[in-house]
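This report reads a two-chain model from its overall make-up down to single residues. The sequence and structure come first, and the discussion follows.

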Amino acid sequence: MSEPLVFHFDVDGSDFTSAGTASVTVKKNLRQLGLPADVIRKLSIAMYEGEINMVIHANGGTADVIVTEQYIDIILKDQGPGIPDVNLAMQEGYSTATAQIHSLGFGAGMGLPNMKRYSDEMKIDTELGVGTTVSMRIWIR
Amino acid sequence: MTVSELLEHGFSEISLPDPDREIHGVYIGDLLSWVMGRADADNAWITIMSNINVIAVATLADTAVVILSEDVDLPEDIVQQAQVKGVNVLKSSVPSYETAVKLYELLK
């Protein structure tokens, strides 16, 4: 595996029930590659939280997963409203999700904190009215 | 203890594509992000949530089985999804606390 493997997904912002399709597909593919189970688990949880965020807040976006021999990068890009206060959004329990989102079991204010917890490196580029890009890296070894 | 062994102890089957999966530990929670952040792989996850996202969370967090407490039912289309994705789901007639107590006895 000298060339990086790249997976690209469009995340549908209108359909809450299909959120997770990209993460589950990536998980399946990485299992077939024989990557360590803990790496796959970390990556798929971090990516799922990102997918859910894009559906809740940004009407969808794109997800790219780049697999190299040393690490896996996840790039989540949306054209949503942007995050006004990243430090506040990173606090566990802080959420701007609606009651309808809560009824589905989300909006606990754990999305971004979980993404940070399960990735080894995370960077958020956000601009109000333009969109947000979250880049995460998980080291394989 | 395996997931299928729970069937002999008052749990009923909703979806059982992976009956021989071993259970290690228990997690209780209904907020899905919270569960993903805290549950361990191979846990039995007790919840009253029954929407499609539960199946995705169980897949990604790699729990051994979802146990719906208080006789919560899973809609038929979601049962099918669980089977397709290889997610074990059982049902318990008692609340989450009593379900956990029962599992504590069985798993120790």
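## Confidence in the model

The pLDDT is the predictor's confidence in each residue, given on a scale from 0 to 100. The model discussed here is predicted, and for chain B the mean pLDDT is 96, with 100% of the residues of that chain at 70 or more. For the complex, the predictor gives an ipTM of 0.80 together with a pTM of 0.87.

## Overall form of chain A

Chain A contains 5 helices and 5 strands, and, read from the N terminus, these elements follow the order β-α-α-β-β-α-α-α-β-β. The C-alpha trace of chain A extends over about 45 × 30 × 25 Å along its principal axes. The radius of gyration of chain A is 14 Å, which agrees with the value near 14 Å that a compact globule of 141 residues would have.

Of the 141 residues in chain A, 36% count as buried. When contacts in chain A between residues at least 6 apart in sequence are considered, 61% of them join residues at least 24 apart. An example of two positions separated along the chain is the pair Val6(A) and Asp64(A), which lie 58 residues apart in sequence while their C-alpha atoms are separated by 7.0 Å. Val6(A) belongs to strand β1, residues 5-12 of chain A, and, leaving aside residues up to four places away in sequence, Val6(A) touches Asp64(A) and Ile66(A).

## The nonpolar core

The largest nonpolar core has 66 residues, and the members that touch the most other members are Ile74(A), Ala44(B), Val57(B), Val65(B), Val66(B), Ile67(B) and Val89(B). Helix α2 of chain A, residues 37-58, gives the most to this core, contributing 11 residues.

For Ile74(A), the contacts beyond four places in sequence are with Leu43(A), Ala46(A), Met47(A), Gly50(A), Ala63(A), Val65(A) and Met136(A).

## The face of chain B towards chain A

In the contact between the chains, 18 residues of chain B meet 18 residues of chain A. On the chain B side, the elements that give two or more residues are α1 (32-38) and α2 (52-61), and α2(B) provides the largest share, with 6 residues. By residue class, the side of chain B that touches chain A divides into 10 nonpolar, 5 polar and 3 charged residues.

Helix α2(B) is itself mostly covered, since 9 of its 10 residues are buried; these are Asn53(B), Val54(B), Ile55(B), Ala56(B), Val57(B), Ala58(B), Thr59(B), Leu60(B) and Ala61(B). The buried residues of α2(B) pack against elements of both chains, namely α1 (21-33) and α2 of chain A, together with α1, β3 (44-47), β4 (65-68) and α3 (76-85) of chain B. Just after α2(B), Asp62(B) takes a positive phi of about 65°.

## Helix α5 of chain A

How are the buried residues of α5(A) placed around the axis? In this helix, residues 111-118 of chain A, the buried residues are Gly111(A), Leu112(A), Asn114(A), Met115(A) and Tyr118(A). They cover an arc of only 160° around the axis, and therefore lie on the same side of α5(A). As a general point, an α-helix has 3.6 residues a turn, so residues three or four places apart point the same way.

The buried residues of α5(A) pack against α2, α3 (86-89), β4 (121-127) and β5 (131-139) of chain A, and also against α1 of chain B.

## Positive phi angles in loops

Asn59(A) has a positive phi of about 55°, although it is not a glycine, and its place is in the loop between α2 and β2 (60-67) of chain A. Asn59(A) counts as partly exposed because it has 15 C-beta neighbours inside 10 Å.

In chain B, Asp42(B), also not a glycine, has a positive phi of about 75°, and this residue is found in the loop between α1 and β3 of chain B. With 14 other C-beta atoms within 10 Å, Asp42(B) is partly exposed.

How values were computed: Residues numbered from 1 in each chain as written. Chains lettered and ligands numbered in written order. Predicted model: local features only at pLDDT ≥ 70, side-chain atom pairs only at ≥ 80, totals over all residues. Helix = DSSP H or I, 4+ residues; strand = E, 2+ residues; numbered from the N terminus. Contact = placed C-beta atoms within 7 Å. Core = buried A, V, L, I, M, F, W, Y, C linked by C-beta atoms within 7 Å. Buried ≥ 20, exposed ≤ 12 C-beta atoms within 10 Å, placed from the backbone. Nonpolar A, V, L, I, M, F, W, Y, C, P; charged D, E, K, R; others polar. Arc of directions from axis to C-beta. Rg over C-alpha atoms; globule rule 2.2 N^0.38 Å.
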